[in-house]
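Subject: Handover of a structure and notes on it

Dear colleague,

Please find below the structure that I am handing over to you. My notes on what was found in it follow directly after it.

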There are 2 protein chains.
Amino acid sequence: MTSGAPKREALPEAGSDEGGLYGLTPALLRAVRDALDRDDETRLRELIAPLHAADLADLIERLRGEERRHLVALAGSLVGGEVLAFIEDDVREAIIRQLDTRDVAAAISDLDTDDAVAVIEDLDPPQQREILDALPDAADRHGVAESLNYPENTAGRLMQREFISLPAFWTVGQTIDFMRESDDLPHDFYEIFVVNPRQEPIGTVPLNSLLRTRRPIRLRDIMQEELHVIPADTDQEEVGFVFDQYDLISAPVVGASGRLIGVITVDDVLDVAREEAEEDIFRLSGVPEADIYRAALQTAGGRFVWLLVNLGTAILASFVIYQFEGTIEQMVALAVLMPIVASMGGNAGTQTLTVAVRAIATKDLTVGTIRRVLGKETIVGLLNGVVFAVLTGGVAAAWYEDPALGYVVGGAMIINMLVAGSFGLIIPVVLWRLRIDPATAAGVLLTTVTDVIGFLAFLGLAGMFLL
Amino acid sequence: MTSGAPKREALPEAGSDEGGLYGLTPALLRAVRDALDRDDETRLRELIAPLHAADLADLIERLRGEERRHLVALAGSLVGGEVLAFIEDDVREAIIRQLDTRDVAAAISDLDTDDAVAVIEDLDPPQQREILDALPDAADRHGVAESLNYPENTAGRLMQREFISLPAFWTVGQTIDFMRESDDLPHDFYEIFVVNPRQEPIGTVPLNSLLRTRRPIRLRDIMQEELHVIPADTDQEEVGFVFDQYDLISAPVVGASGRLIGVITVDDVLDVAREEAEEDIFRLSGVPEADIYRAALQTAGGRFVWLLVNLGTAILASFVIYQFEGTIEQMVALAVLMPIVASMGGNAGTQTLTVAVRAIATKDLTVGTIRRVLGKETIVGLLNGVVFAVLTGGVAAAWYEDPALGYVVGGAMIINMLVAGSFGLIIPVVLWRLRIDPATAAGVLLTTVTDVIGFLAFLGLAGMFLL
């Protein structure tokens, strides 16, 4: 995607906070706010017209709700399809509600299908239909509607239906002439697909080989036969993996019949890679999704569920302590020291869990390597368990001048670190084999285990050996 | 990068575990292990020769140490430069140690500078020099050495020195003829850079516009003047941001004088995007880096530091409890309930922290928006604080049949959730402004705060109101 207005990016300004590679500077944001305050439409348009669509999208995201509405009211015509495609879901919905259906349809009719789909896929079905009906071009309408038939987060949604496919017997010269004469080419493309008479992809010609080759040569003689064909119902995480694994710039997408129906380009995948990694980060810490642009009430609601689950597990851990009230009553030092054992187990387990979750996502952890990794994590748990048993036991024994207390702390520490290491791996693996996202529930399950085992081992050993 | 051996990727096998888009199947891994066991060199070569370099790299990573050495001994000639470039650092080092310096030099001399640099940048300086000296081509030697002069994780290391730059007065026809005649073009390229007589980039011509345009037209008339010029000392995180923000496929890199010295392509950036997101994930959970292929002792050592810091903070929290030993002695229920308040604060704080860390990385959280986000997070903390105060207070009051205990639990919960929400934001922002990676130390600092405040508020309120 490229913005219409040519401009040369400045080198970093000295002392600039944001680095000079980013078009949206704090100074610009202040100037836009100022223009909005003064209701100065001319100045506002002057400020935002030269911006790259991605920067204008960011600018709109950073404004407060009423400022956004004001900006759209004054300069809505500058908020084109590309800007909408770049804006974050929650904010985009609000803006589309403010715009006229026909304007939205006009804005997205310039986009490739993948971006058009991205703009409207989160809207309610009736609103989607209204915008689709308002699209001026029947082929666009049909293409976008068909892409929406594929499930969310699949290749069918990511692909654009604009691509170039040619038969293998065409020559380089014919191909170049065709491209010079056609005025219906995709906006950006990096390779040409070679198809057989059934329209199945059989090869690909990167544009640079087209340019290196003399006119009479046929496409079949220069095409690469190594194809990474992506079925349209492939999950986007898998698509991201294939692009990353094989360093692809674009890849052909086929329908159920094997016919070429679209192409996915690397810019879409870069977004996916970021989203998927971010999803793991957020799920591991119990945030349902990026919510920085969401209102406080919705944010609190979204995070509530995980906190509720955590409350349940915290109460479970308390229930374990409750069983030992008598023990604690006789020796209150136990209450002082018990959080240390639980906390160390939780942290060691989270380390293993995080490595395991990412290794599953990057296919570094597979059925064939589980046993080896489990063996290793157990050894790691034992090694650090022994080291921290000595450290913590020593501190406890010195603090309360009671060597026996030190041994109990140390014993509980070794047990909990061993449990943490193995369950940090076992929990995500079991979830994965059950086809549940290993990042989602693993953290709660793990800390439940390490809290319960931590308190149980420490208070249990204390009950046996100290009283 | 493309492997030499053309092959058509099969569609997913029914019941296949890995999905059919990935060349390295469990069956293949088993077959390779089997060939190694039987010391069957012919079979081994037959199995790995058709593999994509990235898949062979993964295969080598998944083998045990002695199996790897065996594979390299039998079929080292198939482990070319591209395979080395795809292999994970720890494993690559071991393999390079096993190979002859001259073989390594030959392998990397076919690579673009960015990949050659990636292969040798983690080696010891003497070993680096030895390999560099063995490179057959002087220009390669010079280019790689110069790239290594840039700090790690900068654009200078990511860029390749192979690119095409032409003056603006050249015509499309001249350009195409030049490419057909030259046999020293980069492996893959997606655009041509237009430079002025001082070799500074002034525009870019995507290959597809070259192909759409008639021969007599000059480059200056079709070049895009919107350039995202990247200084060679730019941090790779910033490079990833620019590519993602502006959907770039490649970007020119300039030296201190503004001269074009290299180009960064999106495939390198896709790796960076994954690495950077992964770095945040790992740092947030106290893992120094991906360590799945590292030996147990090194892994334990790498994770030790964070656990040690955590032990320090856990002892600090215990010290807070210690101040209230007398209170707990009088009412042991406090020992049972206190972990709940601390744990809920820790979890709520981690949610905010994670959102903040990612928002800083994606530039969604900036100096201009901090105040608004802080206000929001405080409200979120208050909302969920009140809800969980009621829930937890109710449970505590019912459990111990003591309404006053319920009020104390509830009060402490509200205080700790408020603290968690605001410190979950303040801690990463302060670290960021101090130019410390906000993901690294934020987690420990935050749970220290929520543990200390959780215990202090709960036991303090209990001491005041219950005894």
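In chain A of this predicted model, A:Asp247 sits in the loop that links α15 (236-246) to β5 (250-254). Most residues other than glycine have a negative phi. A:Asp247 counts as buried, because 22 C-beta neighbours lie inside 10 Å and the cut-off for burial is 20 or more.

A positive phi is also found in chain B, where B:Lys363, likewise not a glycine, has a value of about 60 degrees. B:Lys363 belongs to the loop between α19 (333-361) and α20 (370-400) of chain B. With 16 C-beta neighbours inside 10 Å, B:Lys363 is classed as partly exposed.

In chain A, the loop between α19 (333-361) and α20 (370-400) holds A:Thr362. A:Thr362 is partly exposed, since 17 other C-beta atoms are within 10 Å. Its C-alpha atom is separated by 26 Å from that of A:Asp291, a residue 71 positions away along the chain.

I turn next to the helix packing in chain B. The axes of α17 (residues 296-322) and α22 (residues 438-465) of chain B come within 9 Å and cross at roughly 10 degrees, which makes α17(B) roughly parallel to α22(B). On the α17(B) side, the residues that meet α22(B) include B:Val309, B:Thr313 and B:Val320; their partners in α22(B) include B:Val444, B:Asp451 and B:Phe455. By class, this contact comprises 10 nonpolar, 4 polar and 1 charged residues.

Leaving aside residues up to four places away in sequence, A:Phe455 touches A:Ala317, A:Val320, A:Ile321, A:Met338 and A:Ala342.

Finally, how many residues of chain A are in contact with chain B? There are 118, and they contact 118 residues of chain B. The side of chain A that touches chain B consists of 67 nonpolar, 25 polar and 26 charged residues. Chain A is superposed on chain B, with an RMSD of 0.1 Å, by a rotation of 180 degrees with 0.0 Å of shift along the axis; that is the relation of a two-fold axis. Of the interface residues of chain A, 100% are also interface residues in chain B, so the copies meet through the same surface.

Yours sincerely

Methods
Residues are numbered from 1 along each chain as its sequence is written. Chains are lettered from A and ligands numbered from 1 in the order in which they are written. This is a predicted model: local features need pLDDT of at least 70, side-chain atom pairs count only at pLDDT 80 or more; totals for chains, interfaces and linings use all residues. Two residues are in contact if their C-beta atoms, placed from the backbone, lie within 7 Å. Ala, Val, Leu, Ile, Met, Phe, Trp, Tyr, Cys and Pro count as nonpolar, Asp, Glu, Lys and Arg as charged, and the others, Gly among them, as polar. Copies are superposed by least squares on the C-alpha atoms of residues with pLDDT of at least 70 in both. Axes are lines fitted to C-alpha atoms, for helices over the stretch in contact, and angles run from 0 to 180 degrees between N-to-C directions. Helices (H or I, at least four residues) and strands (E, at least two) are DSSP runs, numbered from the N terminus. Angles under 35 degrees count as roughly parallel, over 145 as roughly antiparallel, 65 to 115 as roughly perpendicular and the rest as oblique. A residue is buried if 20 or more other C-beta atoms lie within 10 Å of its own, exposed if 12 or fewer, and partly exposed in between; C-beta atoms are placed from the backbone.
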